[in-house]
Amino acid sequence: MKNKKLAPLDVILLLCGALTIVNFIVYLIKLIVVPEQPIAYVLTISILAGVILPFVIRNKAKEKFPKIYKVGKTLYSFCLIFYAVTFLFMCSVIFFGKMTETPPEELPENTVFVVYGAKVKGTAENSYPGKSLALRLEKAAELLEKTEGSVCIVAGGMGPDEFRPEGEVMADYLISKGIDEERIFVDAKSKNTIENIENAIDIINEENLEDYTVCCVSTGFHIPRIKLLCGKLGLDAKHYYYAESPNFGTLYPSLVREYMSYGKLILTGHL
């Protein structure tokens, strides 16, 4: 008996399904190593089950419920292909849409850098930036050193598994790098990128920095979403600076999480 050849659509579905499964298994491993809120686990496991279970029961479903199977396969196919295409599109924007950075020496003296928070590790007595955040702060310190009249806003609250607000730890890190404390404004309350931007706007208004040129500093995968939200929320950022990306083992699950962040923005009406 000859082996049955897979139809082109089946090949595409297998590839899209494999990408989806790999993505969320990688992200689940990341959640085990670096815990997040319970909703992240529920969502990740639900997506994995939603991809794997229909594939496992497809033959029985086709036999017992042929009409439902046909509709279900159409929806299943659409969801898998949509996820794969949009995930790859997001990655292409992140990796190939990088803007040319303005040399800091060309920035005006009255510049404010908004540095976006990320994971803080350690204990209450010894909290320190995780790898991604440390790289963002290294980039910020470099920019501040090259623009003597500039100031910065470090933005980040305290997550459920953190012992100090990210903004406070970020300020301490920059001070340890020789940045004058008077040049640093701290937002220690924001819980996400939207609040980072909203609180940065409040600090700019409260500290009379309205005439300052605003620059945003974050990891490369984060910049497109920041740029999009700055336009939506009214932060007139003129320049964006890309911190060095962490290693691939850290970057890959961050891309999966970044995609879910866009989904959340759509569901909450911010996009």
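# Report on helices, sheet and cysteines

Helix α9 (residues 248–267) has 20 residues and spans 29 Å from its first C-alpha to its last, close to the 28 Å expected at 1.5 Å a residue; the expected span is 1.5 Å times one less than the number of residues. The model is predicted: local features need pLDDT of at least 70, side-chain atom pairs count only at pLDDT 80 or more, and totals for chains, interfaces and linings use all residues. Residues are numbered from 1 along each chain as its sequence is written, and side-chain values use heavy atoms, with hydrogens and water left out. Helices (H or I, at least four residues) and strands (E, at least two) are DSSP runs, numbered from the N terminus.

Buried means under 20% relative accessible area, exposed over 50%, and partly exposed in between (1.4 Å probe, protein chains only). Among the buried residues of α9 are Leu251, Tyr252, Leu255, Val256, Tyr259 and Leu265. Their cover includes α1, α2, α4 (66–96), α7 and α8. Glycine 269, with a positive phi near 80°, follows α9. In α5, the buried residues include Leu133, Leu135, Leu137, Leu143 and Leu144, together with Arg136 and Lys139.

Two packed helices are described by the angle between their axes and the distance between the axes. For α1 and α9, the axes come within 9 Å and cross at roughly 105°. Axes are lines fitted to C-alpha atoms, for helices over the stretch in contact, and angles run from 0 to 180 degrees between N-to-C directions. The two helices α1 and α9 are therefore roughly perpendicular; angles under 35 degrees count as roughly parallel, over 145 as roughly antiparallel, 65 to 115 as roughly perpendicular and the rest as oblique. On the α1 side, the contact (heavy atoms within 4.5 Å) involves residues including Leu19, Phe24 and Tyr27, and on the α9 side Tyr252, Pro253 and Met260 are among the residues that take part.

Valine 34 lies in the loop between α1 (8–33) and α2 (38–56). This residue, valine 34, is partly exposed, with a relative accessible area of 23%.

The open sheet has 5 strands in the order β5-β4-β1-β6-β7, with parallel pairing. Strands β5 (184–187) and β7 (237–243) are at the edges, each with a single partner strand, so one side of each has no neighbour in the sheet. On average, neighbouring strands of this sheet are turned by 20° against each other, direction ignored. Two strands pair if DSSP finds at least two bridges between them; strand β6 (residues 213–219) is joined to β7 by 6 bridges. Within this pair, cysteine 215 is opposite histidine 239 in β7. Helix α7 (residues 193–206) packs on the sheet and touches β1 (111–116), β4 (151–155), β5 and β6, its direction making about 135° with that of β5. Helix α8 (residues 223–233) lies across β1, β6 and β7 and runs at about 165° to β7.

A disulfide is a covalent bond between the sulfur atoms of two cysteines. The whole structure holds 0 disulfides, where a disulfide is taken as a pair of cysteine sulfur atoms within 2.5 Å. The sulfur of cysteine 216 is 4.0 Å from the closest cysteine sulfur, in cysteine 230, which is too far for a bond. Cysteine 216 is buried, at a relative accessible area of 0%.
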